[in-house]
Amino acid sequence: MTADPGLPVYRRRIDVTSVQVDPCHLQVTGHLRDTAPVPESQGGDGHATFTVHEMSLSLLIRTSDLVVEDATADMSTFPHAECPLIAPHYAVLRGLSITKGFSR
């Protein structure tokens, strides 16, 4: 069977939501989902997909100076047992300023 050139072989979707949780803080939550077609060997027809990765990252931002007060991550779907081990490492974002020059 030849792959349909119009069907994606991989798709990544990222959704970010910001909510004012109190007068001094924003909660910024990013959600990432990667999907791929179900392989033919597992009954895939080129249209059915499965989730490869599903992860969320939530930052509590102090609005007065745009400093990250808290950062938590969760990986609910993943292909390898070691994938969720990365989640606790997002704590290093605490104390990071997201003002001008953040991307450097």
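Leu-66, Leu-96 and Ile-98 come together in this predicted model as a nonpolar surface patch with about 190 Å² of accessible area in total. Patches of this kind gather residues with over 30% relative accessible area and no salt bridge, nonpolar side chains (Val, Leu, Ile, Met, Phe, Trp, Tyr) being joined within 5 Å and like charges within 9 Å. The areas themselves come from the Shrake-Rupley method with a 1.4 Å probe, and for residues only the protein chains shown count as cover. Ile-98 belongs to the segment after β4 and is partly exposed, with a relative accessible area of 30%. Here, buried stands for under 20% relative accessible area, exposed for over 50%, and partly exposed for what lies in between (1.4 Å probe, protein chains only).

Residues are numbered from 1 along each chain as its sequence is written, and side-chain values use heavy atoms, with hydrogens and water left out. Since the model is predicted, local features need pLDDT of at least 70 and side-chain atom pairs count only at pLDDT 80 or more, while totals for chains, interfaces and linings use all residues.

The strands are DSSP runs (E, at least two residues; helices are H or I, at least four), numbered from the N terminus, and two of them pair if DSSP finds at least two bridges between them. Strand β1 (residues 11–22) runs antiparallel to β2, joined to it by 11 bridges. Two residues separate β1 and β2 in their hairpin, and Arg-11 has Thr-35 in β2 as its bridge partner. Strand β2 (residues 25–37) in turn pairs with strand β3 (residues 49–62) in the antiparallel sense, over 13 bridges; there, Val-28 stands opposite Leu-59 of β3. The antiparallel pairing of β3 and β4 takes in nine bridges, with Ile-61 opposite Val-68 of β4.

Charged side chains come next. Side chains of opposite charge can pair when their charged atoms come close. Five salt bridges are found in a search of the whole structure, each being a side-chain nitrogen of Lys or Arg within 4 Å of a carboxyl oxygen of Asp or Glu. Arg-62 takes part in a salt bridge with Asp-65 (2.8 Å, N to O) and in another with Glu-69, where the closest N and O atoms are 3.0 Å apart. Arg-62 is partly exposed at 26% relative accessibility, as is Asp-65 at 30%; Glu-69 is likewise partly exposed, with a relative accessible area of 33%.

A further salt bridge links the side chains of Asp-70 and Arg-94 (2.8 Å, N to O). Asp-70 lies in strand β4 (residues 67–77) and Arg-94 in the segment after β4, so this pair ties together parts that are 24 residues apart in sequence. Asp-70 is partly exposed with a relative accessible area of 29%, and Arg-94 is partly exposed with 43%. Through salt bridges that share partners, Arg-62, Asp-65 and Glu-69 form one network.

Attention now turns to the interior. In soluble globular proteins, nonpolar side chains tend to be buried together. Met-55, Ala-73, Met-75, Cys-83 and Ala-87 make up the largest nonpolar core, which has five residues; such a core is a set of buried Ala, Val, Leu, Ile, Met, Phe, Trp, Tyr and Cys residues joined through side-chain atoms within 4.5 Å. Contacts, meaning heavy atoms within 4.5 Å, link Met-55 to Gly-30, His-31, Leu-32, Ala-73, Asp-74, Met-75 and Tyr-90, leaving aside neighbours within four places in sequence.

Ala-71, in strand β4, is buried, with a relative accessible area of 4%. Not counting residues up to four places away in sequence, Ala-71 touches Ser-58, Leu-59, Tyr-90, Ala-91, Leu-93 and Arg-94. Between Ala-71 and Arg-33 there are 19 Å in space, C-alpha to C-alpha, for a separation of 38 residues in sequence.
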